[in-house]
Amino acid sequence: MSEHAKLILDGQPVELPVVVGTENEKGIDITRLQANSGYLTLDPGYANTGACKSAITFIDGDKGILRYRGYDIAELCEKSTFMEVSYLLINGELPTPEEFARFKDKVLLHSLIHEDMKNFFNSYPGHAHPMAILSSMVCSMSVYHPELLKPNPNAKETSQTITRLLSKVRVLAAFAYKRSVGEAFVYTRPELDYVSNFLHMMFTTPMRPYEPNETIRKAMDVLFILHADHEQNCSTSTVRMVGSSKANLFASISAGVCALWGPLHGGANQSVIEMLEDIERDGCNYRKYIEKAKDKNDPFKLMGFGHRVYKSYDPRAVILKKYCDQILEQLGINDPILDIAKGLEEVALTDPYFIERKLYPNVDFYSGILYRAMGFPTNMFTVLFALGRLPGWIAHWKEMIEDPTTRIARPRQIYVGPTVREYVPASQRA
Ligand code: ACO
């Protein structure tokens with residue numbers, strides 16, 4: 001017999017089915033609660049609310065487990081590539097060699113943007129944040145592909161939109177950077193893989209071709225894999241929410257880029273570096289910043305620490321910390337902010353404030369140090385996160401439109417405003 005939860009409301013029992021996931025996660029299905037009892041649930045920040053069933057990513061926040069389609073994140077970083085992980089997330093299975101070759105060919109084929117779009121880039125002020133440019137450009141792509149606007153899960157067009165997005169968003173990101181530094185746009189080279197092409201578009205200049213360095217290429221690939229999905233986070237939920245109104249994929253992804261920008265989400269990687277630089281300027285006294293983070297009268301937070309789901313070490317941060325040491329050593333870089341980061345972490349991990357609240361470094365704590373070592377400017381860090389997260393956003397959008405039980409996302413509220421009152425003419429208002 002299936003399990004039920006029983007709620008007593010106004011003295012009446014309300015039975016609610018219990019749903020169990022494949023990893024034995026349990027939830028109470030409240031789909032019929034409002035209709036059967038008149039009651040809503042209240043859950044600010046949705047910390048206890050499952051908005052959908054999903055077969056893409058599994059996280060166990062207490063044990064520090066992260067798996068894409070059942071595959072452990074550490075194994076994927078070691079043995080796979082970002083392109084293969086993108087295929088896996090979007091299609092549900094690892095590709096056969098033939099499927100993979102076709103997929104990579106299609107991504108390569110679509111790596112040009114409409115030449116007219118270059119005019120948009122030139123109209124932005126030089127100091128424009130690349131995240132603002134990226135979100136606008138992703139949405140603007142819809143203008144050039146009106147035939148791809150209908151979200152039909154089975155249509156060939158949807159698969160085309162997906163490959164187009166995967167290929168072109170990195171071009172938009174690289175062009176946004178080139179615009180911000182006033183350099184000429186650089187096109188992809190057919191013989192390069194996805195990640196090498198991105199590095200080439202970012203760093204080649206007419207005076208100096210960028211020769212992708214294998215250490216940097218591998219680190220970039222791993223960073224993208226680590227960011228590729230994270231189940232119902234703020235930006236992915238935004239993509240699902242916008243997409244649930246049947247908005248097209250370009251519009252849905254553009255909304256996801258905006259949601260990611262905030263410093264409590266993907267924008268944290270930029271904020272971490274700014275925080276570490278502030279600490280360096282302030283004489284490297286990181287203990288002072290630990291005290292500031294604990295002070296409830298001080299708005300300062302330790303950026304790159306804490307997570308809604310992980311209540312132990314973020315498995316992505318474990319991998320990145322190891323990479324930071326290796327990469328900086330291989331590139332011969334001695335960055336004082338890595339020492340500050342390690343010092344902060346060491347103190348925080350033994351401080352009762354952080355222990356009691358289970359606050360550990362998250363993926364953003366070390367990613368910025370790596371991006372910086374690779375030569376990316378700080379305002380590009382969140383764009384890099386967006387590039388990595390793109391296949392995850394696409395996979396969730398696809399899963400959502402393919403699910404016949406999907407309804408438009410429309411949360412409810414408990415109204416706490418004034419009750420009915422009469423309009424007061426302007427002349428009688430005090
Ligand atoms: N520094 C100091 N205290 C913190 C921090 C932090 N970074 N994070 C949480 N806390 C404290 C809170 O003040 C709160 O304390 P209290 O119980 O005494 O009130 C307690 O820990 C619980 O924190 P919440 O804010 O309730 O946790 P929530 O799940 O809502 O927020 C979040 C998670 C947004 C990630 C938060 O930890 C934070 O702001 N971290 C810094 C920003 C950051 O690194 N964001 C990246 C997240 S990973 C990602 O999106 C890719």
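Reader: Let's start with N24: is this residue buried or exposed, and how many other C-beta atoms sit within 10 Å?

Author: Before the answer, a word on what you're looking at. It's a predicted model, where local features need pLDDT of at least 70 and side-chain atom pairs count only at pLDDT 80 or more, while totals for chains, interfaces and linings use all residues. Residue numbers start from 1 along each chain as its sequence is written.

Now your spot. N24 is exposed, as there are 6 other C-beta atoms within 10 Å. The scale goes like this: 20 or more other C-beta atoms within 10 Å of a residue's own means buried, 12 or fewer means exposed, and anything in between is partly exposed, with C-beta atoms placed from the backbone. N24 belongs to the loop that links β2 (12–20) to β3 (26–28). Strands here are DSSP runs of E with at least two residues, helices are runs of H or I with at least four, and both are numbered from the N terminus. The backbone is worth a glance too: phi of N24 is near 65 degrees, which is positive in a residue other than glycine.

E231 has 18 C-beta neighbours inside 10 Å, so it counts as partly exposed.

On to α10 itself, which is mostly covered, with 8 of its 10 residues buried. Those are S235, T236, T238, V239, R240, M241, V242 and G243. What do they pack against? The buried residues of α10 lie against α11 (249–261) and α18 (381–402).

Another buried residue is L165, in helix α7, with 25 other C-beta atoms within 10 Å. L165 touches L249, I253, L390 and I394, leaving out residues up to four places away in sequence; a contact means that two C-beta atoms, placed from the backbone, lie within 7 Å. L165 and P391 are 226 residues apart along the chain, yet their C-alpha atoms are separated by 9.2 Å.

F82 is buried, with 25 other C-beta atoms within 10 Å. Beyond four places in sequence, F82 is in contact with Y194, V195, D221, F224 and I225. From F82 to M220 the C-alpha distance is 9.1 Å, across 138 residues of sequence.

Back to loops for a moment. R69 sits between β5 (65–68) and β6 (71–72), and its 18 C-beta neighbours inside 10 Å make R69 partly exposed. With residues up to four places away set aside, R69 touches I56, L88, L89 and G92. E183 is in the loop between α7 (156–181) and α8 (194–203), and is partly exposed with 15 other C-beta atoms within 10 Å. On the same terms, E183 touches K178 and T205.

Zooming out, an automatic or database domain assignment sets the domain bounds: domain 1 (4–65), domain 2 (74–261) and domain 3 (268–374). The C-alpha centres of domain 1 and domain 2 are 34 Å apart. Where they meet, 6 residues of domain 1 contact 7 residues of domain 2.

Next, a helix pair: α12 (residues 268–281) and α17 (residues 363–374) pack at about 75 degrees, with their axes 8 Å apart. The axes are lines fitted to C-alpha atoms over the stretch in contact, and angles run from 0 to 180 degrees between N-to-C directions. So α12 is roughly perpendicular to α17, given that 65 to 115 degrees counts as roughly perpendicular, under 35 as roughly parallel, over 145 as roughly antiparallel and the rest as oblique. In the contact, A268, N269, Q270, V272 and I273 of α12 meet D364, F365, S367, G368 and R372 of α17.

Finally, the ligand. It has 19 residues around it, and A268, K301, F305, G306 and R308 come nearest; a residue counts as near if its C-beta atom, placed from the backbone, lies within 6 Å.
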